[in-house]
Each structure stands twice: as C-alpha cells, then as structure tokens.
Amino acid sequence: MSSEPPSAGPTLIKAAIDIGTNSMHLVVARLAEHGGFEILTSEKETVRLGQGGGEMKLLAPDAIERGLAALERMAQVATSFGDVDLVAVATSAVREAANRDDFLDRARQLTGIEIEVISGFEEARLIHLGVLQALPVFDQRLLLVDIGGGSTEFLVGQGADPIEARSMKLGAIRLTERFFSEAIADGRRPTAQEVDDCRHYVRAALALVGSELGGHQPEIAIGSSGTATTIAAMAAAERGDDVRQMNGVTFTAAELAAVVERVISAKDRSRVAGLDDKRADIILGGALLLDEVFAVFELEVMTISDYALREGVLFDRFADQSERDLRDLRRANLLRLARQLDPDPEHAEHTALLSGQLFDRSRALHGLDDGARELLEAAAIVHNVGLFISHSSHHKHSYYVIRNSEQLTGFTEHEIELIAVVARYHRKSRPSEKHPEFAALSVDDQRLVRQLAGMLRVAIGLDRRHARVVQTMRVHIDDGWMRIEPVADGADDLDLEVYAARERAHLLAAALGVDVEIVAPAPSQHPE
C-alpha cells in the first residue's frame, strides 16, 4: 500500500492512522458528496509503544513488534474498503526514540506505509482541526488539552488557526513509569509520598506553560484523547449518567478531584465505574496531570471532544471545506445527513425555515430560548431521514437513525436525543408516556418536545406539496388563541397547505394551551 494518491482519478475512501505512545487509532471515511466525511469505521488498539523504553529514549523490541502487528492489522482494515488514500502519523514515542528509523523502515517494508513523524506543535494543530469538527466552538477562544501517553499538547485557538501551542514531555505512561512502576510491580496502592512526588514534578513542569498561555483567558476548555475521555466517563458513571457517546460530555474540577481520590484509594481499579481495564494501570498519572492542569489554568469545567488527531489529519490532508463549514459545524452535519438519506432534503430545509419563523413569532406563548430554536430547526432538517429505511413508520426510523448516527458531531448526546425525539413525533401519534424514548425524558424536556414537535407538524403541513409556495407567515396572538396566516410567493392557491396545517395543529394547541387557527391569506397581503 502507498500513501501516495492514485494516478487514475480521485479516490473517495480516505484513512488516517495515529500512532501514539499508548494507543494506535485508525479512521476510514468516505468523501461526502456535499463536503466533509462519512465515517465508515474506526479502530483503536492499545499498543503501549512507549512502554519500557527508558524515558522514551528507545523503542523496546517487544513494543516495536506490538506496533508493527497493530499497524499491519489496521492497514488490512483500511484496504478492505477498496482503493484507499492513507496517511499515517506518529507522535511522542516515535518522535523521541533514537531507534525510530528501525520502526519506520520495518513498517514501510511490512505495509508500504510511509509514516510521517510530526512535531508537538503540528500534533496540537491537527488535534485542533479534529476538535473543530466535533464541537461548535469555532468562534470561541478555547484552551485545548490533549494528554497522551508520552506528551501533552496545549493549544489556545480561535477560528481555524492556533494562537499559541505548546508540547510538554508529560504523559500518562511517562508519569506512571517514573512514579508508580514500583507500586504496580508490588500490586499495591501508591503511597502518599509517591502521589505527592508526582504532583510536585508535574506542577514544576507546568509552571512555564501556565504563565505563557494562561493570559489568553479562554472561554471554554476542551479535553481530547484517552485520559480526559476516561475521566469524563468515570465522572458520568459516578453521577449515574448512561452516556452513549462522550462527545460534548463535561466534568467539573470537583468531579476530577473525586476521580483522583477514587483511583488512589481503589484496591482493584478494574472495578472503578467508568474506567477502562486497559487504562487502569496508567490512569493515575494522567489524572494527576489533568488535576494540576486544572489548577494552573484555574479551570472549573472541561468539555470532551470525541475527535482528535486522526480526524484532524483527515480534514487537513483530504477535505475540501471552508472555514464556514467549521463555523457552522452543527448545521453542516445535519444537512449532510439529510442529503444522504432524505429523498427530498429541500423540503426538509424549507420546513426548518418555516419552523424557525413560527418559533420566533410565537415566543410570547412559549418563552423558549435560542437553544430550543436550534433544536427545532435541527429536527426539521433531519425529520425524514427514516425514509431511507422505509416509508412505513418512517418517523420511528428517523428516531433510530438520528440517535445512532455518528455524523452529528457538534451536538451533545442530550441534544441528539431531543432532536431525535422531536423528529419521531413529526407525524402520527402524539408524545406519550407509553413510548419509552419519551418516558425517559425529564418533565421539562417532555414539555419542550411537545412544543417543538407541535411547531414542526404545522410547518410540515405548510409545505404539504413540497413546492415551497409558503415563504413566510403572519402570526396573531390574543388571549387564548393563536392565528397563523401563511403567505405565498405569488398568487398560489394555499387551500391544501392550510388544510394540512390545520390537521396537524392539535399537538401545538395542546402544548401551548391555546386554540390554534390556520387561515388562508387575504389577497395581496404581505407579511408583517
């Protein structure tokens, strides 16, 4: 296999391999017709490439063999999708090893892959690009912290470009081998002195990066890769949250401190809720490091990005997207899903327009914020994706597709659930406690779903012919009632749209507690 693109036409399948100190990651994606990527598969294998290498100065022979075996397996997975453009990058363990050429030469001979060893700054830049595809933070000043096995990357950014970035030789494996290897070998808990020694070492190492980057006053702190994600999973488990995806999950400084204490005191870390067995031996070093990062930068909360280096490599090397795509991440991903699965995505987009207008002009009744408005428009854009499965009960299929799609990066798990439930109720039966997905929501979320689904149903009715003849609407509100007057672009007859909207207005009336009347527009009227 070659990482060079084929000469005969563009290859639509792209793959990236991230060769880290602790793990090796693969992502395979198809270039989407409307920009961006459709993820086909992703793989992770714990390799411990940097373990036993004496402060990462050498790659140990057994680590090299593990790395080569994992690389060969991932290459086979990538090529199983056919003709593929593949790029592989290596980070701290390979970057620092004096014998790295041995590994790189053998990898080339075994797989044909030309591995690119990237600098710490380049690693941070690429992780940043990955994060911008996972979270809607393009316009925010962010602090990115990516704790790996051998190094930690820090980046302050706003927009597509980093403002400042630093790479530190601090990582979960590196700290474990320096401070906790004896405790692991003896099968005992770490002593208070060992923990204090690690903390003091990390604190001293972070002092400079804290002073250099701390003055940028980020609006949001983001954690990526295994240590931060594992801590978020442990915090969620302690809260009793059933988390299906980690993207957008948050944890607080207090929750992080509690995780550290649970890890220190645990007799058997494999039994600590939310902790992956494969990371149990190195989690303390990573958790102590992150705890000190929180202290240095005075962080109160951190948000998890499910995307990191490998997705950043895909975007950087293969994507044809603009800054606008990164800025409008959530909407771009919704539109991509709709255009892939909905036979008439223009109808869905027009329904989103009408839904937003109805939301804005009925604020006096519902009092919802702009976050709810975005959820309504999101549900409108993807409400018909279930048609990809079948027309029968497609509203239920839409719930399943939305809830389980890996393409809606940028939304939290809770937001995806609400979007899916609103889309599920765009037709047929009203929300009911008999339906498990509705019954699982809080009382406030149930109320929100009723209101948004009610607006969505009316908007769908106003584009009954999928012809987009209704361009806007006039909404009149008085004591106990709301009148909606659709307005056409031209002299179109709106009898069918008025009838369809009336048939679908009952849920909205019940949700808002008013009578809802849909009336045909008077001749030659224009929206107010």
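Among contacts in the protein chain between residues at least 6 apart in sequence, what percentage join residues at least 24 apart? After that, please take me to the place where helix H13 and helix H19 meet.

Author: The model is predicted. The figure you ask for is 70%: that share of the contacts between residues at least 6 apart in sequence joins residues at least 24 apart.

The protein chain holds 21 helices and 14 strands. The C-alpha trace spans about 80 × 55 × 45 Å along its principal axes. Of the 528 residues, 55% are buried.

Next, the helix pair. H13 covers residues 345-361, and H19 covers residues 443-461. Their axes come within 8 Å. They cross at roughly 125 degrees. The crossing is right-handed.

Which residues make this contact? From H13 come His347, Thr351, Leu354, Ser355, Leu358 and Phe359. H19 supplies Leu452, Met455, Leu456, Val458, Ala459 and Ile460. Sorted by class, the contact has 9 nonpolar residues and 3 polar ones. Charged residues are absent from it.

Two single residues elsewhere are worth a stop. Take Leu290 to begin with. Leu290 sits in helix H9, residues 283-297. Its relative accessible area is 0%; buried means under 20%, so Leu290 is buried. Setting aside residues up to four places away in sequence, Leu290 touches Val145, Ile147, Ala228, Ile231, Phe251, Leu256 and Met302. Leu290 can also be placed relative to Asn22. The two are 268 residues apart in sequence. In space, their C-alpha atoms are 17 Å apart.

Then Arg310. Arg310 belongs to helix H10, residues 309-318. Is Arg310 buried or exposed? Arg310 is buried, because its relative accessible area of 14% falls under the 20% cut-off. Neighbours within four places in sequence aside, Arg310 is in contact with Ala16, Asp18, His25, Leu26 and Val27.

Terms used: Residues numbered from 1 in each chain as written. Predicted model: local features only at pLDDT ≥ 70, side-chain atom pairs only at ≥ 80, totals over all residues. Heavy atoms only, no water. Axes fitted to C-alpha atoms, helices over the stretch in contact; angles between N-to-C directions. Helix = DSSP H or I, 4+ residues; strand = E, 2+ residues; numbered from the N terminus. Left-handed = near helix turned anticlockwise from the far one by under 90°. Contact = heavy atoms within 4.5 Å. Nonpolar A, V, L, I, M, F, W, Y, C, P; charged D, E, K, R; others polar. Buried < 20%, exposed > 50% of the residue type's maximum accessible area, 1.4 Å probe, protein only.
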